[in-house]
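Subject: Structure handover

Hello,

Here is the structure you are taking over. Please open it first, then read the notes below it.

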Amino acid sequence: MFQPDFMTFDTGSVTLNVAVAGKRSNPLIVLLHGFPEYWAAWREVMEELSRDFFVVAPDQRGYNLSSKPEAVDSYRARHMVADLAALANHLSPGRPFALAGHDWGASVAYAFAFAHPERLTCLIIANGVHPWCFQNAIHIDPAQQLASQYINKLREPVTDERMAEDGFRRTFRMIEGFSRADWMAGDVRAAYLDAWSQPGAMTAMLNWYRASPIDVPEPGQAPGETFLNSLPPGAMSVRVPHLVLWGEADTALRPSCLEGLDRFAPDLAVRPIANAGHWILHERPKQVADGIRSFVDARSSR
């Protein structure tokens with residue numbers, strides 16, 4: 001199993017455990033994981049990309065070996081954007097880099113792209129959602145609204161213990177429900193159990209959901225107002241070349257989550273991947289790595 005090197009980085013508010021691979025003199029790509037994963041979501045993709053790039057995959061705050069602030073407010077997107085900005089300024093001061101995100105990592109990647117487009121060469125998303133598009137899909141697509149009901153369950157106070165009990169049985173079941181999960185076995189499964197078992201990890205991971213302003217109405221309820229309704233479209237624009245790698249068998253995120261994305265990303269490429277689901281990083285790591293490599297290389301040669 002591929003093993004990167006590790007560094008510990010103090011952002012000024014939290015300490016991040018950061019997996020690194022490849023020559024530091026090569027172009028930087030930062031990879032952001034989602035829930036309920038950690039840096040190793042990108043392990044196989046890192047192995048492929050590290051031949052040509054300096055690849056960095058942090059445990060985001062609240063996950064695995066990184067700091068776990070107690071306050072729910074500590075998991076609002078602006079804090080993760082600040083973490084990433086500090087890390088990127090340390091690793092690549094003044095030099096733009098490529099940013100990729102999956103699931104919740106995609107949310108942070110989008111927020112960073114909105115705030116700091118001058119720091120990026122391009123933005124790559126693998127089965128993740130633009131915040132406006134996701135909120136819109138939940139409000140207009142009954143199937144997406146139903147698929148997103150798990151968010152309300154994860155926000156409940158009792159969920160911390162429920163997701164951890166019986167050897168994290170419900171956490172594994174949730175993963176299996178989103179798409180093919182035969183990769184979750186052996187050493188990979190043991191490593192995930194270790195990451196989830198870190199003191200305070202499950203509560204911190206769930207606080208990402210509790211801190212999110214995304215509105216998920218119960219079936220039949222009218223949509224609520226969110227801060228997204230008050231933001232001008234320009235505040236959510238992707239001003240860099242943008243690639244979306246989309247596993248079409250994802251049951252957590254329906255195709256409606258991509259509707260309207262071209263309004264916010266004028267330089268957009270969407271590449272559907274048949275027979276891949278939400279855990280596309282594990283299901284198709286080489287295809288993901290090849291897609292990232294070709295997209296980054298094409299932008300570097302401009």
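How much space lies in the largest cavity? About 80 Å³. A cavity here is a set of points on a 1 Å grid over the protein atoms alone, where a 1.4 Å probe fits but cannot get out; lining residues have an atom within 4 Å of a point. Grid points are joined across faces, edges and corners, and a volume is the space filled by probe spheres set on the points.

Some ground rules. This is a predicted model, in which local features need pLDDT of at least 70, side-chain atom pairs count only at pLDDT 80 or more, and totals for chains, interfaces and linings use all residues. Residues are numbered from 1 along each chain as its sequence is written, and side-chain values use heavy atoms, with hydrogens and water left out.

The cavity

The count comes to one cavity of 30 Å³ or more. Its lining includes Leu16, Leu32, Pro58, Asp59 and Gln60. Arg61, Met80, Asp83, Leu84 and Val108 also line the largest cavity. Helix α2 gives the largest share of this lining, three residues. Helices (H or I, at least four residues) and strands (E, at least two) are DSSP runs, numbered from the N terminus. By class, the lining has six nonpolar, one polar and three charged residues. Nonpolar covers Ala, Val, Leu, Ile, Met, Phe, Trp, Tyr, Cys and Pro; charged covers Asp, Glu, Lys and Arg; the others, Gly among them, are polar.

Leu84 deserves a separate look. Leu84 lies in helix α2. Leu84 counts as buried because its relative accessibility is 4%, and buried means under 20% relative accessible area, with exposed over 50% and partly exposed in between (1.4 Å probe, protein chains only). Leaving aside neighbours within four places in sequence, Leu84 is in contact with Val30, Leu32, Leu99 and Phe112. Contact means heavy atoms within 4.5 Å. Leu84 and Phe112 are 28 residues apart along the chain, and their C-alpha atoms are separated by 7.9 Å.

The pockets

A pocket is an open set of grid points with protein on both sides within 12 Å along at least five of seven lines. The largest pocket has a volume of about 710 Å³. It is lined by 33 residues, and Ala77, Trp104, Ser107, Pro131 and Pro213 lie nearest its centre. Five helices each supply at least two lining residues: α2 (77-91), α3 (104-115), α4 (131-140), α6 (149-155) and α9 (201-211). The largest share, five residues, comes from α3. The lining of the largest pocket has 25 nonpolar, four polar and four charged residues.

The second largest pocket has a volume of about 350 Å³. Among its lining residues are Tyr150, Lys153, Glu156, Arg162, Arg170 and Arg173. Helices α6 and α7 (159-178) each supply at least two residues. The largest share, seven residues, comes from α7. By class, this lining has four nonpolar, two polar and five charged residues.

Two helices that cross

Helix α7 also meets helix α8 (residues 186-196). Their axes come within 11 Å and cross at roughly 115 degrees. Axes are lines fitted to C-alpha atoms, for helices over the stretch in contact, and angles run from 0 to 180 degrees between N-to-C directions. On the α7 side, Gly167, Phe168, Thr171, Phe172 and Ile175 make the contact; on the α8 side, Arg189, Leu193 and Trp196 do. These residues divide into five nonpolar, two polar and one charged.

Backbone points to check

Most residues other than glycine have a negative phi, and most peptide bonds are trans. The peptide bond from Phe35 to Pro36 is cis, with omega near -5 degrees. Pro36 sits in the loop between β3 (28-32) and α1. Asn64 has a positive phi, near 50 degrees. Asn64 is in the loop between β4 (54-58) and α2, and is buried, with a relative accessible area of 7%. Phi of Asp103 is also positive, near 55 degrees. Asp103 is found in the loop between β5 (97-102) and α3. Asp103 is buried at 11% relative accessible area.

One last residue

Glu48 belongs to helix α1 (residues 43-49). Is Glu48 buried or exposed? Glu48 is buried, with a relative accessible area of 15%. Not counting residues up to four places away in sequence, Glu48 touches Lys286, Ala289 and Arg293.

Best wishes
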